[in-house]
Amino acid sequence: MISETTFSKKFTSFWNEILPNSKNYIRLINGGLIEALYEPFEAAERKQNTALVNVLSFDILRALCNKNVLIGEVSSPNFFNGDLFAALLDQGLNYLSKFSYGKDCNLPLSNREKEQIRQLFQMMYNRYVAGNSSIEVDPSFDGCGFINMSVSVHSKALYSN
């Protein structure tokens with residue numbers, strides 16, 4: 001004799017034969033339970049820059065958490081013309097060059113892309129950082145045995161100077 005748990009988990013061919021549309025039905029039910037927290041962005045004008053926009057917004061959050069920039073500086077209209085943003089842009093391009101989609105970025109960034117960077121940053125800031133002063137973006141994990149210590153090389157390169 002087998003348990004009901006084993007029967008429900010292990011005998012998938014039986015369930016697929018009895019209920020052939022069960023996966024679609026479950027997707028419909030689960031899809032209705034999703035609560036959208038943020039409105040989706042408009043379609044990107046240059047899809048090849050989407051990864052760069054995402055990386056830059058997170059790198060700005062990382063810089064804020066590491067106290068390399070203040071929230072007022074990021075909100076300034078001149079932030080995207082400053083030295084820190086130029087360094088973050090170079091770092092982001094270098095990071096993305098390791099992947100196939102990072103080689104086709106079109107520069108300079110458009111005003112719309114810069115605004116998306118600012119919006120993504122603001123969403124992450126409001127959700128994870130605002131009101132919480134103890135956020136550590138790139139924590140260090142000590143290794144054990146043959147595993148070396150893990151640290152983010154991506155962030156150390158920019159801030160080690």
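1. The crossing of helix 4 and helix 7 is right-handed; a crossing is left-handed if the near helix is turned anticlockwise from the far one by less than a right angle, and right-handed if clockwise. Helices (H or I, at least four residues) and strands (E, at least two) are DSSP runs, numbered from the N terminus. This is a predicted model, in which local features need pLDDT of at least 70 and side-chain atom pairs count only at pLDDT 80 or more, while totals for chains, interfaces and linings use all residues. Residues are numbered from 1 along each chain as its sequence is written, and side-chain values use heavy atoms, with hydrogens and water left out.

2. Helix 4 and helix 7 pack at an angle of about 45°, and their axes are 8 Å apart. Helix 4 is therefore oblique to helix 7. Axes are lines fitted to C-alpha atoms, for helices over the stretch in contact, and angles run from 0 to 180 degrees between N-to-C directions. Angles under 35 degrees count as roughly parallel, over 145 as roughly antiparallel, 65 to 115 as roughly perpendicular and the rest as oblique.

3. On the helix 4 side, the residues that meet helix 7 include Val 53, Phe 58, Leu 61 and Cys 65. Their partners in helix 7 include Glu 113, Ile 117, Phe 121 and Val 129. Contact means heavy atoms within 4.5 Å. The residues of this contact of helix 4 with helix 7 divide into 13 nonpolar, 3 polar and 1 charged (Ala, Val, Leu, Ile, Met, Phe, Trp, Tyr, Cys and Pro count as nonpolar, Asp, Glu, Lys and Arg as charged, and the others, Gly among them, as polar).

4. Cys 65 is buried, at 11% relative accessible area, and Cys 105 is buried at 17% (buried means under 20%, exposed over 50%, partly exposed in between, with a 1.4 Å probe and protein chains only). The count of disulfides is 0, a disulfide being a pair of cysteine sulfur atoms within 2.5 Å.

5. Two backbone details deserve a check. Most residues other than glycine have a negative phi, and most peptide bonds are trans. Lys 67 has a positive phi, near 60°; Lys 67 lies in the loop between helix 4 (50-65) and helix 5 (71-75) and counts as exposed at 67% relative accessibility. Leu 107 and Pro 108 are joined by a cis peptide bond, with omega about 0°, and Pro 108 lies in the loop between helix 6 (83-96) and helix 7 (111-129).

6. As for the chain overall, there are 8 helices and 0 strands. Of its 161 residues, 27% count as buried.
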